[in-house]
Amino acid sequence: MPQKDWLQCQLALAEAFTNAVRHAHKGLSEDTPIELEVLLYPTSIELRIWDRGAPFDLEGYIKTLDEQPNYHSGGQRGLILMKSIADRLSYRRVDEQRNCLLLVKTFEVSSP
């Protein structure tokens, strides 16, 4: 995996985890789990973060950011950053108690 893509994915993961803690789990018990999964493939990486917060329309919210970006708002910068890093970004309710943020980043692998 190219180092630039690896560093970007680390940053996106940190932003996504921080959002889960600050927003999705706001008001929940500190021992409420946040689950992480990272899958590495030959030309892509998939990051999944499961939280137990209320459902949230990420795509709709990002659309409002695209229409009226506010780069000075701290909470919005993380989402804008994740969107710019990811080739695919989604946030869906996966069962009655959990949501899953999926971030997919594709990359080119140079030949040795």
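Visitor: How many disulfides does the structure hold?
Guide: The structure holds 0 disulfides. Keep in mind that this is a predicted model.

Visitor: Okay, and Cys-9, is that buried or exposed?
Guide: Cys-9 has a relative accessible area of 2%, and under 20% means buried, so Cys-9 counts as buried.

Visitor: What about Cys-100, buried or exposed?
Guide: Cys-100 is buried too, with 9% relative accessibility.

Visitor: New topic: in what order do the strands of the sheet go?
Guide: The order is β1-β2-β4-β3. These 4 strands make an open sheet with antiparallel pairing.

Visitor: Which ones are the edge strands?
Guide: Those are β1 (35-40) and β3 (88-93), and each of them pairs on one side only. On average, neighbouring strands in this sheet are turned by 10° against each other, ignoring direction.

Visitor: What holds strands together in general?
Guide: Strands of a sheet pair through backbone hydrogen bonds, parallel or antiparallel.

Visitor: And how many bridges link β1 and β2?
Guide: There are 6 bridges, and β1 runs antiparallel to β2 (residues 44-51). For instance, Glu-37 has Arg-48 in β2 as its bridge partner.

Visitor: Where is Met-1 placed?
Guide: Met-1 is in the segment before α1 (3-24).

Visitor: Why does Met-1 count as partly exposed?
Guide: Because its relative accessibility is 35%, and partly exposed covers what lies between under 20% (buried) and over 50% (exposed).

Methods:
Residues numbered from 1 in each chain as written. Predicted model: local features only at pLDDT ≥ 70, side-chain atom pairs only at ≥ 80, totals over all residues. Heavy atoms only, no water. Helix = DSSP H or I, 4+ residues; strand = E, 2+ residues; numbered from the N terminus. Buried < 20%, exposed > 50% of the residue type's maximum accessible area, 1.4 Å probe, protein only. Disulfide = S-S within 2.5 Å. Pairing = 2+ DSSP bridges. Axes fitted to C-alpha atoms, helices over the stretch in contact; angles between N-to-C directions.
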